[in-house]
Amino acid sequence: MQYCCKTLSDISGRNLSIVTSGQRIYRYFSINRMFMPANHLSSGLLLRCLRVVAMLTTVLVFCGQSAAQCLFNGPSQYHSARSMVDEDTVFTIQVVFHNLYRDESQQITSAQVDQQIHQLNLDFNRLNADSIMTPEDFVSVAASCNISFCLAVTAPDGTVTSGLTARSTDVPQIGFTGKYYQSREGGQDIWAPSHYLNVWVCEILEDGGVAGFAESPYEIDQEKDGVVIDYRYFTNLDSTNSILGRTLTHEVGHWLGLAHLWGSEDGCDTDDGLHDTPQQETRYRGCPVFPQMSCESTDMYMNFMDLVDDHCMNLFTRDQRELMRSNIMTYRSGLPGNQPCDQTVPIREHELVREIVVYPNPASHTLNVQMQGHNPGLELFDHTGRFIQAVDPNGSTQIGHLPIGVYFLRSSKGAVKKLIIAY
Ligand SMILES: [Zn+2]
């Protein structure tokens, strides 16, 4: 095995890893989250996150392989991390949501929380139905990250939890004030970030100009090492609403170390440091018509790490997967798999409703479904909460290939019907 790395220091004196064996030069920008003054956030511009200000060191990384390798402190560390897990191993991360609300309109429901976790699991495992919208140019690099999320079942004090804490607060714009992670200031103290992904759901700015932001794994602050989402950009169960919960997908990408596709600033000199995301001049918003070009290549604006509308984004890439998984092993190694928290979509008894009519039940080879009202989304999960397949909401679906057992049908609005498959 030929090791190619040596350590250099950047201009601030910090040690960096430099891989020098290859032809391609990557730039990796260490990005610090920094609050921008509120008056910079007006003009009707929706910023998905605040982590757009790179005031740090520009780090040149020479790398012949993948950028993810360059971000380690040396090849031995990289190889030891790689040898511990293969890329098919699913990392499961338990999540706690802290809802800080000033009034009823800012409260989130357990059904919303379940749906938000579900959306994360779809997006990080390329199970999202709109993955078919990924342009052919990029299908070969689109990837399942094999990272799953579940609601925390045990609180730090050992008590049982639903994975959602809720607290009334008098603090306006608490997400912007820095009080959100301090209970004594009207916020909610963090649960041990070595074990939980903490997501605060609250008002960031009164005018809704910021959807969310995240802490970087490269600059961990134990007091607030998580994600903040404005309550207006949390998964919404209203099917007419365009908010699908992908602000959290994007922010968890940052939390696991991904940068925006265009890098730290506009222009073709900076990018995200990854090989399989094309160089891109700046951010995209709305839902552009494919293709869009900049920096002499076709832009991957539909990547989760761009700023297009929720319904317009649909992929992570292989290098993004590799970087996130490497960062979990390096910076957040206590997170996966140390709690009885499988890759589940929690099923709540109170959601068992009559909205979904299923017959026969128990079923054997064919499942017939009739749903009340207009509700096009229906999915089948096994008893562990693992997604199995989509189901025709008003017709027949063949299920003869499925093992005997207990299953759950779940509508896109969170209604759940228990189903038994027997022969
Ligand atoms: Zn962002």
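View 1. Helices are DSSP runs of H or I with at least four residues, strands are runs of E with at least two, and both are numbered from the N terminus. Among the buried residues of α6 are Arg246, His250, Glu251 and Trp255. After the helix comes glycine 257, with a positive phi near 105 degrees.

As a guide to all the views, residues are numbered from 1 along each chain as its sequence is written. Because this is a predicted model, local features need pLDDT of at least 70 and side-chain atom pairs count only at pLDDT 80 or more, while totals for chains, interfaces and linings use all residues.

**View 2. The largest nonpolar core and cysteine 202.** A nonpolar core is a set of buried Ala, Val, Leu, Ile, Met, Phe, Trp, Tyr and Cys residues joined through C-beta atoms within 7 Å. The largest one holds 68 residues, and Val95, Val199, Val201 and Cys202 touch the most other members. Strand β5 (residues 91–101) gives this core its largest share, six residues. Beyond four places in sequence, cysteine 202 contacts Leu100, Ile174, Gly175, Tyr180, Val228 and Tyr231. A second, separate core has 13 residues, including Met371, Leu378, Leu380 and Val391.

**View 3. A three-stranded open sheet.** The strands run in the order β13-β14-β17 with antiparallel pairing, where a pair needs at least two DSSP bridges between the strands. β13 (356–359) and β17 (396–398) are the edges; each has a single partner strand, so one side of each has no neighbour in the sheet. Strand β14 (residues 366–371) joins β17 through three antiparallel bridges. Look for leucine 367, which stands opposite threonine 397 in β17.

View 4. pLDDT is the predictor's confidence in each residue, from 0 to 100. The chain averages 77, and 73% of the residues score at least 70. Confidence is lowest in strand β1 (residues 5–9), at a mean of 27, and highest in β8, at 98. Residues 1–47 have pLDDT below 50, and residues 50–84 stay under 50 too.

Note on methods. A residue is buried if 20 or more other C-beta atoms lie within 10 Å of its own, exposed if 12 or fewer, and partly exposed in between; C-beta atoms are placed from the backbone. Two residues are in contact if their C-beta atoms, placed from the backbone, lie within 7 Å.
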